[in-house]
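Open your viewer and get ready to click along. We will go from stop to stop, and at each one you will hear what to select and what is there.

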Amino acid sequence: IGRDVESGRASALLDTVATGGRAVLLVTGEPGIGKTSLLAAIMRNARRRGFRTWWVEADARPGRGAFGMWLDLLRDNV
């Protein structure tokens, strides 16, 4: 996907978590630069390593609030 540096950083974060550490990965950027493709590749790597992964998308529907996507994720997977 042409994001070797970013993929390497994400893999290092997975290493951290796999050994009991904690990590947060934030991917930001302009529309169309490949954030979705990068995240899909990171999720495939995580699943291959035994991690559970989920995908949820934010939306701008009225009344959703800032945490609407997190509520959807928890409601559907916990």
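**Stop one: Arg-49**

Select Arg-49, which touches Ser-11, Leu-14, Asp-15 and Ala-18, leaving aside residues up to four places away in sequence; contact here means heavy atoms within 4.5 Å. Before you go on, note that this is a predicted model, where local features need pLDDT of at least 70, side-chain atom pairs count only at pLDDT 80 or more, and totals for chains, interfaces and linings use all residues. Residues are numbered from 1 along each chain as its sequence is written, and side-chain values use heavy atoms, with hydrogens and water left out.

Arg-49 sits in the loop between H2 and H3.

**Stop two: the whole chain**

Zoom out and colour by secondary structure. The protein chain has three helices and zero strands, and from the N terminus on its elements run α-α-α. Helices (H or I, at least four residues) and strands (E, at least two) are DSSP runs, numbered from the N terminus. The C-alpha atoms fill a box of roughly 35 × 30 × 20 Å, taken along the principal axes. Of the 78 residues, 15% count as buried.

**Stop three: H1 against H2**

Select H1 (4-18) and H2 (35-48). Two packed helices are described by the angle between their axes and the distance between the axes. The axes of H1 and H2 come within 10 Å and cross at roughly 35 degrees; axes are lines fitted to C-alpha atoms, for helices over the stretch in contact, and angles run from 0 to 180 degrees between N-to-C directions. Which residues make the contact? From H1 come Glu-6, Ser-7, Ala-10, Ser-11 and Leu-14, and from H2 come Leu-38, Ile-42, Asn-45 and Ala-46. By class, this contact has five nonpolar, three polar and one charged residues (Ala, Val, Leu, Ile, Met, Phe, Trp, Tyr, Cys and Pro count as nonpolar, Asp, Glu, Lys and Arg as charged, and the others, Gly among them, as polar).

**Stop four: the pockets**

Select Leu-25, Leu-39, Met-43, Trp-54 and Trp-70, which lie nearest the centre of the largest pocket among its 25 lining residues. A pocket is an open set of points on a 1 Å grid over the protein atoms alone, where a 1.4 Å probe fits, with protein on both sides within 12 Å along at least five of seven lines; lining residues have an atom within 4 Å of a point. About 1000 Å³ of space lies in this largest pocket. H2 gives the largest share of its lining, six residues. The lining has 20 nonpolar, two polar and three charged residues.

Next, pick out the second largest pocket, with about 170 Å³ of space. Its lining includes Arg-3, Glu-6, Arg-9 and Lys-35. By class, that lining has six nonpolar, two polar and four charged residues.

**Last stop: Gly-2**

Finish at Gly-2, in the segment before H1. Gly-2 counts as exposed because its relative accessible area is 71%.

Conventions
Grid points are joined across faces, edges and corners, and a volume is the space filled by probe spheres set on the points. Buried means under 20% relative accessible area, exposed over 50%, partly exposed in between (1.4 Å probe, protein chains only).
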